[in-house]
2 protein chains.
Amino acid sequence: VAEKVEIGAKVLSENERRAAVIRAKLKEHRIVCLNLVSSPGAGKTTLLEHTLARLNDEIRIALVAGDVQTENDANRLIRAGGRQVQPIVTRGACHLDASMVENALTKIALDRTDLLFIENVGNLVCPSSYDLGEDAKVVIVSVTEGEDKPLKYPGMFRRSSLMIVSKIDLLPHCPCSIDMLRSNALSINGDLEVISVSALTGEGIDQWYGWLRSRVSNARATNS
Amino acid sequence: VAEKVEIGAKVLSENERRAAVIRAKLKEHRIVCLNLVSSPGAGKTTLLEHTLARLNDEIRIALVAGDVQTENDANRLIRAGGRQVQPIVTRGACHLDASMVENALTKIALDRTDLLFIENVGNLVCPSSYDLGEDAKVVIVSVTEGEDKPLKYPGMFRRSSLMIVSKIDLLPHCPCSIDMLRSNALSINGDLEVISVSALTGEGIDQWYGWLRSRVSNARATNS
């Protein structure tokens, strides 16, 4: 990203055009769409597995799972009960773009979907520049990555609406202060919401489910 | 990366030309150059802090520390005793390229350097495509990232010579098998060497120092 400014701008504006098409289509179907971004291994898929186990019966969830290589994550989400799961293998590309998502959505029944998760490629830089038509970006940071990530990768934190601090069960064993992580993140984006969770112990995860329920019911209310 | 194939190829071939210039210059000065790559927060800087503390008096070390934003890592390396440390702030770019390194090297006394570390931007995708004139890429993966990273980001593991498995002190607390991680990595690159370390407890770290010493003494022997 940002290698050749002029060409980059052209690619991005074509991407924005397609993202706007996706956004309009999702809005028409009253679907909440969340773009999950993080470093590799921060726990996006694990969080989604738990979310499926808990919310699958009350919210109709569809998922698009992007990876540079393998369909492992998509298969995990299917095993976790995902009824509509579409893999995207980017074959080397460092991010999802709107045309990949547009294509994946042709295989999802939008009239039977309330909530669409897009699990992006694990990368704290490039995916921040690509609008996928989502309502919000959710950035996941594990406590093992250290408190300075928002300062070092500000673009991603500036463009996200929610930061999930993951793996808080590891806090006794690693040198990370959640207060410092939160304050670094808020110095980049004062509007960022923050939820801390452990998928292993379940701590904090009800707050995430509550956040999702509220998003979905707001979408129903404002569009009906 | 890989967004526009033709233009990408042009950028990469220009990068390779510059990387070859760097490689020749480093060889002329008998400098071993290692390009450290990993996900954000895998422990590149921490490993380098320990390496400086241990080897600074026997090997003349120079460091180039790249980040999307902030000079935090460079400052940590200076505090850890680094005598020649050059920061590169990419301001949004997702990787270091050879021209950035070429520029940083003008501020390093090559005739007083045995070992040059280039700490790349935290990103398991894009830096794999950019040759920086290094002798070897060293990929660092923390046990908290999970065993599947080599399969999901194969380009990086294919182009690396050594994989350092970091944060092994956390193994009792997280679901990761080093055997599985190693076997996944070797399925991508059968020549990959593997060293497991904990910077916190010091476990395994002497093997890393031994690997470095051997690289430096081989460079002296073959060039003299």
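How many salt bridges does the structure hold over all chains? The count is 30 salt bridges, a salt bridge being a side-chain nitrogen of Lys or Arg within 4 Å of a carboxyl oxygen of Asp or Glu. The model is predicted, and local features need pLDDT of at least 70, side-chain atom pairs count only at pLDDT 80 or more, and totals for chains, interfaces and linings use all residues. Residues are numbered from 1 along each chain as its sequence is written, chains are lettered from A and ligands numbered from 1 in the order in which they are written, and side-chain values use heavy atoms, with hydrogens and water left out.

One of the salt bridges joins the side chains of A:E58 and A:R213, at 2.8 Å from N to O. A:E58 lies in the loop between helix 2 (44–55) and strand 2 of chain A, whereas A:R213 belongs to helix 8 (residues 205–223) of chain A, so the pair ties together parts that are 155 residues apart in sequence. Helices (H or I, at least four residues) and strands (E, at least two) are DSSP runs, numbered from the N terminus.

In chain A, 7 strands form an open sheet with parallel pairing, in the order 3-2-4-1-5-6-7. Strand 3 (84–89) and strand 7 (193–196) of chain A stand at the edges with a single partner strand each, so one side of each is left without a neighbour in the sheet. On average, neighbouring strands of this sheet are turned by 20° against each other, direction ignored. Two strands pair if DSSP finds at least two bridges between them. Strand 1 (residues 32–38) and strand 5 (residues 136–142) of chain A pair in the parallel sense over 5 bridges, and A:S38 has A:I140 in strand 5 of chain A as its bridge partner.

Two helices of chain A lie across strand 2, strand 3 and strand 4 of that chain. Helix 3 of chain A runs at about 155° to strand 2 (61–67) of chain A, and helix 4 (residues 98–105) of chain A runs at about 145° to strand 3 of chain A. For these angles, axes are lines fitted to C-alpha atoms, for helices over the stretch in contact, and angles run from 0 to 180 degrees between N-to-C directions.

Chain B also holds an open sheet of 7 strands, with parallel pairing and the order 3-2-4-1-5-6-7. At its edges stand strand 3 (84–89) and strand 7 (193–196) of chain B, each with a single partner strand, so one side of each has no neighbour in the sheet. Strand 5 (residues 136–142) and strand 6 (residues 162–166) of chain B pair in the parallel sense over 5 bridges, and B:V139 has B:M163 in strand 6 of chain B as its bridge partner.

Between the chains, 38 residues of chain A are in contact (heavy atoms within 4.5 Å) with 38 residues of chain B. The two chains bury about 3,100 Å² between them, 59% of it on carbon and sulfur atoms; buried area is the accessible area (1.4 Å probe) that two parts lose on being put together, summed over both. Across this interface the rule finds 4 salt bridges. The side chains of B:D73 and A:K152 meet in a salt bridge of 2.8 Å, N to O. The elements that give two or more residues to the side of chain A that touches chain B are helix 1 (5–28), helix 3 (72–79) and helix 5 (149–152) of chain A. Helix 5 of chain A provides the largest share of that side, 3 residues.
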